[in-house]
Amino acid sequence: MSKAQAIEALIKAIGKENVVTEHEELVCYSFDATADMPSQLPDVVVTPTCTNDVVEILKVANQYKIPIYPRGSGTNLCGDTIPLQGGIVLRTQKMNKILEVDADNLVAVVQPGVVINDLNIAVAPYGLIYPPDPGTVLTATMGGSVSECSGGLRGLKYGVTKNYVMGLEVVMVDGSVVRFGGKTVKNVTAYDMVKLFTGAEGTLGIITEITVKLIPAPETKKSMLAHFAKLEDAGNTVTEIIRSKVIPATMEIMDQVTIRTVENFAKVGLPTDAEALLLIEVDGIPEVVEREAMAVVKAVEKHNGVIKVAKDDKERDNLWAARRAALPALAQMKPTTVLEDATVPRSRLTEMLLRLQDIAKKYDLTIGTFGHAGDGNLHPTILTDERNAEEMKRVHAAVDEIFKTALELGGTISGEHGIGMAKAKYLPLEFGDQGVEVMKKVKRALDPENLLNPGKMMG
């Protein structure tokens, strides 16, 4: 059966207005936000408006044996939405309804195309927040975030996406619709299928509805900037703060390369002579915030740091604008930005930071490191030019060593960016061949013909 017949079947199923085949538009879906990845045109792009549309799309894909690639905003950083085998790109932008905000049960029910920030705007009048906040919070969708199990700046205190997903509606590859989980705080009935589909990167089914936990918004916040003459002092301060039984909402780090690049880009008054800085925020009830802020100041000074506490919301906003500018600032330095996502136990953070410096020197590369110091999740960012073949060989060797180093230190190859095709080859290093085979058996059981996002995490 031809692709033309499949496209006609899709048009019949969900309407011509929801099916795109023009070459110029298909180009927009041939890549995502991941650098150093191949691009590939899909054969067709479909935009369902409801669960039933997704059912019909999957029935067509199953009938014609065409691969299907779910896509939110395409902001992922592991090549997960690139349609490697052509086929169907299923974009969720029209499934963008917040179906319910249930303040009594502290949950919200949303479609996958809802932008994360829009959900927080919707729940704010109830005095609630949805804590996961990836750097692309203004554009990233809930479906993409759940599929990648994204993290963000608040992961230290509040956890990552999987800690907030309570229920899912999923369309399986044969078009059947299943529901797992729900609004109850306690639910230990049979296998935890919600956790299985969260972070599955669209390889097991298409998520069409999400129930998430909400929490009360903190009463107050206090933000601080600490800078250090030595990188290891910054790393040791992170450990000291946690040891003092203070869990900040956010504790971010920037190395000197990143500090200087951000200051040149944003002009926010960062100390460019510092080897590292920490951006720290504590939140909660006022008396606890004051006590925790004092403990943070004490820890910083113990490790030779200089600390400044934001006086008002304007200063606080400037501090966090600097952190969110890290990637855009680094990206304008070279044509290609290879952003990685290595995570180690907090107690090994200092060692990882120093090893990253050694790797940069070894391969003669510029690496700016920033990230979520409080949970050991670092983003070493290699500034390069993919047109320089010799340099790219060194880049790839450096990336290999970064992940091997993270694993050597008891860490993981992904703290929040997912696997996709960018990191699939490293899975045996973390889980061994037998561990990977167990996961492949799950994939084969639920998607026996490998139609759902093929060529990615599980091949």
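Helix α1 passes helix α3 in a right-handed crossing, a term that applies if the near helix is turned clockwise from the far one by less than a right angle. The model is predicted, so that local features need pLDDT of at least 70 and side-chain atom pairs count only at pLDDT 80 or more, while totals for chains, interfaces and linings use all residues. Residues are numbered from 1 along each chain as its sequence is written, and side-chain values use heavy atoms, with hydrogens and water left out.

Helix α1 (residues 3-14) and helix α3 (residues 51-64) pack at an angle of about 160°, and their axes, which are lines fitted to C-alpha atoms over the stretch in contact, are 10 Å apart. That angle makes α1 roughly antiparallel to α3, the term used for angles over 145 degrees. In this contact (heavy atoms within 4.5 Å), Gln-5, Ala-6, Ala-9, Leu-10, Ala-13 and Ile-14 of α1 meet Asp-53, Glu-56, Ile-57, Val-60 and Tyr-64 of α3.

The structure also holds 3 aromatic pairs, defined by ring centres within 6.5 Å, with planes under 30 degrees apart counted as stacked, over 60 as edge-to-face and the rest as tilted. One of them, formed by Tyr-130 and Tyr-164, is edge-to-face, with 6.1 Å centre to centre and 75° between the planes. This pair links distant parts of the chain, 34 residues apart, and both Tyr-130 and Tyr-164 are buried, that is, under 20% relative accessible area (1.4 Å probe, protein chains only). Phe-403 and Tyr-426 form a tilted pair, with 4.8 Å centre to centre and 55° between the planes; Phe-403 lies in helix α14 (residues 389-408), whereas Tyr-426 lies in the loop between α14 and α15 (427-446).

Note on methods: Axes fitted to C-alpha atoms, helices over the stretch in contact; angles between N-to-C directions. Helix = DSSP H or I, 4+ residues; strand = E, 2+ residues; numbered from the N terminus. Parallel < 35°, antiparallel > 145°, perpendicular 65-115°, else oblique. Phe/Tyr/Trp six-rings, centres within 6.5 Å; stacked < 30°, edge-to-face > 60°. Buried < 20%, exposed > 50% of the residue type's maximum accessible area, 1.4 Å probe, protein only.
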